[in-house]
Amino acid sequence: MALPVLELRGIGKAFDGVPALKGIDLSVHEGELVALIGPSGSGKSTLLRCCNRLTEPDGGAVRFGGRPAPSGGRALAEARRRMGMVFQAFNLYPHLTALENAALAPRRAAGLSRKAAEQAAREALSRVGLADRADARPDALSGGQQQRVAIARALALRPRILLLDEPTSALDPELVGSVLDVIGSLKADGVAMLIATHEIAFAREAADRIVFLAEGRILESGPPEEVLDRPRSARLRSFLRRL
């Protein structure tokens, strides 16, 4: 098997002396979608932020593209550019159009010309089904469309992997499907993804592997049918019963 795009070994993190992650080992390969599930406070968001060092791990190693992830400077900025991050909140600039929001990162982070950045942004908006809303500002878009613009912004940097932190949690239920459809289409295109999600039905359908976190540890990991239909731990069985 090829080297993982992203590999975590022994990742630990504590806040004010309280452990949030306890020796996490995890890898994501090319074209693979790995879904992180677990109760609130289990460490899913912290784990994602440790991948690109938005949160600095207290211990362990992060490898990206087969090499140790840089710890700072331009090398870290470049690594972050290749690890697209999509947050729960859309974080769009309200005074900019969808196209301008999506083109901003290619210009500032990748140093592309205005023309090249806009071309990359248009391609990304097309991939998320918003080519016809390029000139719309966020207040003219639905929540689902705004989240798709946020995904397009990450895609415009042509990342090797997308890190998605509960991308549907801020959406009304009727808008969730449009965002999940986009994520599913990106998987079909071969984009590697690590996604924290509470959408268990989506994880079952789209994920290659499901990872269950609780109290900062990976308790179970495997194909969806194994993790969801044949849970081994009492903690996972309890979590699934409460859904």
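**Pockets and a covered helix**

Biologist: Which residues line the second largest pocket?

Modeller: Its lining is Phe-64, Gly-65, Arg-67, Pro-68, Ala-75, Glu-78, Ala-79, Arg-82 and Arg-160. A pocket here is an open set of 1 Å grid points where a 1.4 Å probe fits, with protein on both sides within 12 Å along at least five of seven lines, and lining residues have an atom within 4 Å of a point. Keep in mind that this is a predicted model, with local features needing pLDDT of at least 70 and side-chain atom pairs pLDDT 80 or more, while lining totals use all residues. Numbering runs from 1 along each chain, and side-chain values use heavy atoms, without hydrogens or water.

Biologist: Which element gives the largest share of that lining?

Modeller: α2 does, with 3 residues. β5 (67-68) also supplies at least two. Helices are DSSP runs of H or I, at least four residues, and strands are runs of E, at least two.

Biologist: And how many residues line the largest pocket?

Modeller: There are 21, and Met-85, Ala-105, Ala-109, Arg-153 and Leu-157 lie nearest its centre. α2 (73-81), β6 (83-86), α3 (98-108) and α5 (143-155) each supply at least two residues of that lining.

Biologist: Switching to α3: mostly covered or mostly open?

Modeller: Mostly covered, with 8 of its 11 residues buried, meaning under 20% relative accessible area.

Biologist: Which ones are buried?

Modeller: Ala-98, Leu-99, Asn-101, Ala-102, Ala-103, Leu-104, Ala-105 and Pro-106. So Ala-105 of α3 is buried by the under 20% cut-off, and Ala-105 is also among the residues nearest the centre of the largest pocket.

Biologist: What do the buried residues of α3 pack against?

Modeller: α4 (114-127) and α5, with contact meaning heavy atoms within 4.5 Å.

Methods: Buried means under 20% relative accessible area, exposed over 50%, partly exposed in between (1.4 Å probe, protein chains only).
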